[in-house]
Amino acid sequence: MAVPARTCGASRPGPALTARPWPGCGPQPGRGARRRASGPRHPLSLLLPSLLLLPLLAAPGTSAYSFPQQHTMQHWARRLEQEVDGVMRIFGGVQQLREIYKDNRNLFEVQENEPQKLVEKVAGDIESLLDRKVQALKRLADAAENFQKAHRWQDNIKEEDIMYYDAKADAELDDPESEDVERGSKASTLRLDFIEDPNFKNKVNYSYTAVQIPTDIYKGSTVILNELNWTEALENVFIENRRQDPTLLWQVFGSATGVTRYYPATPWRAPKKIDLYDVRRRPWYIQGASSPKDMVIIVDVSGSVSGLTLKLMKTSVCEMLDTLSDDDYVNVASFNEKAQPVSCFTHLVQANVRNKKVFKEAVQGMVAKGTTGYKAGFEYAFDQLQNSNITRANCNKMIMMFTDGGEDRVQDVFEKYNWPNRTVRVFTFSVGQHNYDVTPLQWMACANKGYYFEIPSIGAIRINTQEYLDVLGRPMVLAGKEAKQVQWTNVYEDALGLGLVVTGTLPVFNLTQDGPGEKKNQLILGVMGIDVALNDIKRLTPNYTLGANGYVFAIDLNGYVLLHPNLKPQTTNFREPVTLDFLDAELEDENKEEIRRSMIDGNKGHKQIRTLVKSLDERYIDEVMRNYTWVPIRSTNYSLGLVLPPYSTFYLQANLSDQILQVKYFEFLLPSSFESEGHVFIAPREYCKDLNASDNNTEFLKNFIELMEKVTPDSKQCNNFLLHNLILDTGITQQLVERVWRDQDLNTYSLLAVFAATDGGITRVFPNKAAEDWTENPEPFNASFYRRSLDNYGYVFKPPHQDTLLRPLELENDTVGILVSTAVELSLGGRTLRPAVVGVKLDLEAWAEKFKVLASNRTHQDQPQKCGPSSHCEMDCEVNNEDLLCVLIDDGGFLVLSNQNHQWDQVGRFFSEVDANLMLALYNNSFYTRKESYDYQAACAPQPPGNLGAAPRGVFVPTIADFLNLAWWTSAAAWSLFQQLLYGLIYHSWFQADPAEAEGSSETRESSCVMKQTQYYFGSVNASYNAIIDCGNCSRLFHAQRLTNTNLLFVVAEKPLCSQCEAGRLLQKETHSDGPEQCELVQRPRYRRGPHICFDYNATEDTSDCGRGASFPPSLGVLVSLQLLLLLGLPPRPQPQVHAHASRRL
């Protein structure tokens, strides 16, 4: 009998005098214990007695349906479990595959992964690799010091006297507006031929070095030409290094003057807009040029600082922050009469990317007002540096003060805090155009072992915010050989396209003396660096013997990962270092914190832990057992770890010595066998050196077959382990076809396909036509279903992935399927391992119908149960699908099957998008647990500037590129023209650097960002029980029960009656985020250790060179034409680049 449509307030059929509302439509007896969905989370098992008192009363002569009793739904659940288990036993072939492995026991050996031996061997191999680079570095650094010492300075040197390959020459020659083309200076530039080299991912020339000079440095200056002259001799040393070690990648000398000479030569990768690359701002140079720093930046925001001067200060601070690395600590404060931090950070914090971002945003909010109070600023800075209750660098200590000028020397403050030992260096920066007496600022710097700089204009910012490194390098130079220690950097993106690298660095010192008996020179010449690609280090780690879920990782003293399968930065912005913490690469817990601390301390260790892991597609969370083993990598600051699941302690190694058998099994890889044996996908691994890779698996298989016709699996150019295992698994899976799949009718059980995937790299899909709709990764180790099946007992359901932004599934030609997979566990001689995963692909539409039948009251397969004229029935998922919602949801909260036809195209979606009310109730009743984490490696497009009228605008942090951009300058040019012209005529020390202009508007570039990820997984509830979603007149009964031996939750619920009780929707999709609150994180910083060496003091240091005003005159004609063009909004022609810094002495 049809059930009438229900509405709130409507009565169910029955006697007129005893009419009752439908269940869930208003107050009813027995519901006093109900709670609202938004209340506290706890199981509702105590409510079962009252819930079971809610039977539906029906009068004689009528038929009615009641919500199913608990035992009925448990019966349905058992039927579902039995059906799944029966299909998997018949078609999955788990038991049969076990027998096949045992029958072929003579074709393979069981090998053991011994964690301690493995990790020690890999650590030793990495140490040997890096040691070879260290030897090359030392040869280069020694040679550079000797070449410079023997060099004779030439005052009259000219551009045409120097022949070198200018790495940016090709790009400049292609630009007819280039200033160098107009001047004809290319006569001194070599033209080279290049060959493609896959090791460098670039075209290179092994006979020459290349030179890169920053855009804002004039190539024709005497300093630069002398630098080019003496560094030319390095070319032969570079070449000899490569002869001794052909695996060497980029060898680079970064000069303190800004010149970069690198080998082998290759054209520079010029960006589309202005090239701002300066070697002195690269992470590897900064780390090699000085010891760690504790820095306090104080900014004068008194009323006299306004307009362009304040903007110059803000940009200068941002550029200063970019000279700091993760080994440094910093705080920024503004001052007038009082001093206060510009951000929420009240003490020194690590100068990592996220903390520096907070500073940069906060600096933009500084407002000029009040009077200048140097005393307040310096007292605040000294107090910060004296705070010993916080984590800090504990090496170089310095104060950087930015001001427009003042008269107070605050000698009493220095006497109190810094004299006589002068342990804190003071650097002062006079910013903007003014006529103040700069003597007090010079005195402050000179009296405190610092340096005085002037920043009169935009072009002077970059060079003057980085040259303080020369001063910090003095103790290193004076320490001599003691300071000549190789340091290895964090991971960063190579500027020449090599990908992720680490760099070994070694400082190069000036060994000259001004004359006989004179003091030793204390200038650092630069830093020598040699790159090591992360891929080269990865090649030293076991590839496929650790199984799909085993891996090797390495971290540095900051806890940042050097190696990790989850180290996958999406951004290509080489200006930002790649700093992914081990606890962010994995899901953090207390055990991993202990492991991380032990590794940073350089200890050995082993620990078995139960932890959470994300699935490869980042949709699921699994609770697993893992064994962690770790050792330090000697002679480096790195530590190496190995992670193994218990089932990966052993692995199979094929022993196919019988060549006839090799040929027999190999034939099952040929496409001609696919029609009878099923389609074979092979993992795209490096089986042989000459194998051409391809993203198309059909093409890759073709390339593989063609190569195998030329070489044997035992060839020296091939990986015998990979090849033998691949061929063995080809034969093993073919026997599964022969014994199980070929004689079965898949249509009888509504199956689209059956499949098997193996550690050896084979994925066999049967029948052949099913391969057309196979979308899983052909590399089993990179397939989510494969890795999850290994980590979970029982049957793992995987519905098709659906993005909420895409259209629903199209149910056409029965092509939409649901994967069900399970691992094959072998026990051989007491050794347990899981070498394969088998499964089936269910026909979604057919199994949705079958699901309704299994969750019904049918007693006969072909006829649903009908209620008679005087009978009373419980509702079921088939007959009553208009009133009863029945679904299967997987452990991630994604819809797998539904009795609602209109929901079939929503299979694979997060269930909250299908029924938000019910999903929230499941979560509140502890059926699901939520895990939130952050992805710090995402790439996001910059947000377009808003136009909200008087509404608050977002904080914009201008970079140098923005300042050099025409569009930005036109807004400031009009009011500043007269002021700048006047100052240019009066003051000889104006315009230390002319700003270079970038034509056109700023291009949109992706940058690194943070994405918040939310996953759900099964909670602690395993019982079967009923509950109520309390929603007034729209309350709903529901029942939920886990299906044994699966990752499924069976849910039966009343369909929602009304829409006015929609609860908050749970979100699962990834969302843009600012990450955890940085102001709170710095209060509990993660454990780290700084470098073990520190050079911040030397008794023989000469501090007399402490800065003075620059002496480069401005070009008045250039200035006038430039500003007029800016006012007119016309693109200016490029102007001559700035001279190198005047204070640089060689």
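E81 sits in helix 2, where helices (H or I, at least four residues) and strands (E, at least two) are DSSP runs numbered from the N terminus. This is a predicted model, so local features need pLDDT of at least 70 and side-chain atom pairs count only at pLDDT 80 or more, while totals for chains, interfaces and linings use all residues. Residues are numbered from 1 along each chain as its sequence is written, and side-chain values use heavy atoms, with hydrogens and water left out.

**E81 and its partners**
- E81 is buried, at a relative accessible area of 17%; buried means under 20% relative accessible area, exposed over 50%, and partly exposed in between (1.4 Å probe, protein chains only).
- Leaving aside residues up to four places away in sequence, E81 touches R1042, L1043 and T1044, with contact meaning heavy atoms within 4.5 Å.
- E81 and T1044 are 963 residues apart in sequence, yet their C-alpha atoms are 6.6 Å apart in space.

**The chain overall**
- The chain holds 31 helices and 39 strands.
- Of its 1146 residues, 60% count as buried.
- Take the contacts between residues at least 6 apart in sequence: 74% of them join residues at least 24 apart.
- The accessible surface comes to about 47,400 Å², and 49% of that belongs to carbon and sulfur atoms; these areas come from the Shrake-Rupley method with a 1.4 Å probe, and for residues only the protein chains shown count as cover.

**Nonpolar cores**
- The largest nonpolar core has 100 residues, and L922, Y928 and F1050 have the most contacts inside it; such a core is a set of buried Ala, Val, Leu, Ile, Met, Phe, Trp, Tyr and Cys residues joined through side-chain atoms within 4.5 Å.
- Helix 2 (residues 70-92) supplies the largest share of this core, eight residues.
- Apart from it lies another core, of 51 residues, with L137, Y492, A495 and V527 among them.
- Back in the 100-residue core, L922 touches I889, F927, Y928, F1038, A1040, L1049 and V1051, not counting residues up to four places away in sequence.

**Helices and what they pack on**
- The axes of helix 21 (residues 659-666) and helix 24 (residues 720-741) come within 8 Å and cross at roughly 65°; axes are lines fitted to C-alpha atoms, for helices over the stretch in contact, and angles run from 0 to 180 degrees between N-to-C directions.
- On the helix 21 side, Q662, Y665 and F666 meet H724, I727, L728, T730, G731 and Q735 of helix 24.
- Over in helix 11 (residues 353-363), the buried residues are N355, K356, V358, F359, K360, A362 and V363.
- Their cover includes helix 10 (308-321), strand 9 (329-335), strand 11 (349-350) and helix 30 (1078-1081).

- The peptide bond from Y263 to P264 is cis, with omega near -5°, and P264 is in the loop between strand 7 (260-263) and helix 9 (283-289).
- Another cis bond runs from W419 to P420, with omega near 5°; P420 lies between helix 13 (411-417) and strand 13 (424-431), in the loop.
- S635 has a positive phi, near 70°, without being glycine; this serine is in the loop between strand 22 (621-632) and strand 23 (639-644) and is exposed, with a relative accessible area of 67%.
- S926 also has a positive phi, near 65°, in the loop between helix 27 (916-924) and strand 34 (928-940), but S926 is buried, with a relative accessible area of 15%.
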